[in-house]
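Let's take a walk through a protein together. Keep the sequence and the 3D view open as you read.

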Amino acid sequence: MDLADALAGLDDRPWATLQHAYGSAEDVPAVLRALTAADSEAAGQALHELYGNIWHQGTVYEATVEVVPFLARLAAGGCRSADVLVLLGSIAESEDEHEVARGACRAAVAAQLPLLLPLLDEGDAQVRQATAWMAGHTDARDETWPALQRRWAVEGEPVVRAELLAAMTRLDPGASADTATAALEPTGPAQLRLAAVLACLDAGLPWTATCHDTLLSILPADDLVAERFDENQREPLQTVVDALLRRDTDEEREAAFGLLAAALALPEPEIRAEAVWAADHACMISRAAPGRLLPRLLPLLDDPLSAPRVLSLLGKITGVPSVTAHDALTDALASLAVDGDDTADSALAALVPLAPERAARLLAADLPRRPRALAVAAGARGFGATGEATLPFEPALLDAVRRRLANPKVSGNEPIHLALLLTSWGTQASPAVPELLDALPRIPLAGPGALAAACPTEGRIRKRIEDELRKAARKGPEEGRPAAAHALHELTGDASPLHTAIRSGLAGKAYDVLEAARRCAQLGRRAADLLPDIRAALSDPAQPRTTPQLDADVELAEALWNITGDATEPVRILDAVLAESDGPWFTWTGVRAARVAARLGPAAAPLRPPLERMLATPLHAPACVLALLTIGIEEELRRTLPDTVLTAAEHNADPDTALDALLSLGLPTLTDAHLNRLAALADGDRRVVNFGLEDGIIHADERLRTRARATMSALEERATPEV
């Protein structure tokens, strides 16, 4: 096909009225023409632009549908055929459709199959491979399957055969099962055997010893997937482990752990590295994985190449009961923590939650070279820390902290972490007051709290701390004045500097208003003189509002309630916020507003309509249920709510609040099916928490598991009559 014919009618389409990722698609004709340029650099840039606008990070648009026929004709005409076919396959694969009918883009690609399927017989192997990849994502089984089968019968190139097998399995897993099993033949090319293992999984076949041995025999598999197009299979061992664990049966779980154990024991460093990566992933989705895999991971701490990866994983799982109980782990980490390199720092960071007393002594011995361990000890995010300092008081560590604080060259996060650690020790840290006072300008946010915690109950030192905090509240760095005023208020009860700082915050930007409103809410009736400033800080609901403004209004509503005890204003404010909280950026704002509504009790009754509407959103549902229960609802509605909050918990949508809501609903409202679902949250193997800061996911899930168990016990206790 002549390329001019391929673009015939291009200017007749209504591009200016169509949308892609960056707005109007009026630029698309120029980009498509650039794709045909003889200059390979210009054509490559055009392809890059198409990936950016009509397939933006996997999202497709209404303009994408219009582009597909032109791309198909270009591919059929020999214009960068392999590249364009991969783009068409990516479009067909996408399920993230923005303002376009569901499946419209996939259907547009499928409509071009009569033009594209003949490319399965092209002389260029990469074009044949790309055609198979594209065809496998169209869902057009009847049109595509015969062509793929015909090509399979004659294709000799391993990578193309691998892509053909994957495409056939995607289109019809059951019909592909025999072909996939036969392709496990040990004399076949490694690339095809790997594709066969993955196809067997996709076809739902049981995991067999043959699959196990085949996969182990072709590791490391990085090179085998380098020429494949499926981004989800770039880590084959991890892909297999993930698929087995997600089947969530005892047999398949044991198969996954057995596969990992065997891979971790192999001598090749590249295989062990791939296995540790897959083990990390297993721990993220299976609650049993840490305890099962730890004995296989510990020996790798003696391998300098494997140790950093293993330590990264151990940092995520130390504190999990099955891991903490492993006696050899503490000694292994402690022995690694005595050297001076990054590995020692990571080992000590993993040791902190496992053996705090021992970790405190080791940290004291080499504090300047242990930034990661210090961050964990101070409660900084990472390694599953919960936000509170974790080390017991250790005199030698106090001395080391004082020396670091006294060094003016210590900067960045380290002085903050030092201050947080001192805060956790309370008055035991009072010898460090001189260093804290000198460092206060460098740590205006964390320093005041540390001084208040370490402050002795009386004497000259206390007087000096009060004077310095008063000075910091008036003339210190602006961002630290509220913290200094708050600390002074805690020590002396003098609210005047705090009120001044709050007034300044209420007159500032949205984030300043948010923090100031929180302090007002904490003060309650003691902040009555700030009422005019609170009301003046409210945003105008008649104007477009940002998320920070809405969040600030929620905090201001709570402050008004805490100060006045009158729900009239808070209800009006929350009603306006809830009206805007169903958009994609306002999800947590709606949760916060519902939580405040729950505090208002029956007085929040006017908010019932928006709260009921928000029950349909899993993230909003738990907080809305709590609010509705405090308002008071009919028994008929009440009995529909357990399913709503359990669904939210199971999807990791505010699961803590969901458990609070279940407890408020009470055992009589729950059926046996509900209790079984709660038991799965508590004791099922699949992790419920599956996103967030990577180092904290496992610990967050373990805390949820503990809470779910406590909720079950509390429900039973409340239902048991006292004797």
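Helices here are DSSP runs of H or I with at least four residues, and strands are E runs of at least two, numbered from the N terminus. Leu421 sits in one of them, helix H26 (residues 414-425). This is a predicted model, where local features need pLDDT of at least 70 and side-chain atom pairs count only at pLDDT 80 or more, while totals for chains, interfaces and linings use all residues. Residues are numbered from 1 along each chain as its sequence is written, and side-chain values use heavy atoms, leaving out hydrogens and water.

Is Leu421 buried or exposed? Leu421 is buried, with a relative accessible area of 0% (buried means under 20%, exposed over 50%, partly exposed in between, using a 1.4 Å probe and protein chains only).

Now for the cysteines. A disulfide is a covalent bond between the sulfur atoms of two cysteines. Here the search counts a pair of cysteine sulfur atoms within 2.5 Å, and over the whole structure it finds 0 disulfides. Take Cys211: its closest cysteine sulfur, in Cys200, is 4.5 Å from its own, so that is too far for a bond. Cys211 is also buried, at 2% relative accessible area, and Cys520 is buried too, at 0%.

Last stop: the lining of the second largest pocket. Which helix gives the most to this lining? That's H17, with 6 residues. The lining residues divide into 8 nonpolar, 6 polar and 11 charged (Ala, Val, Leu, Ile, Met, Phe, Trp, Tyr, Cys and Pro count as nonpolar, Asp, Glu, Lys and Arg as charged, and the others, Gly among them, as polar).
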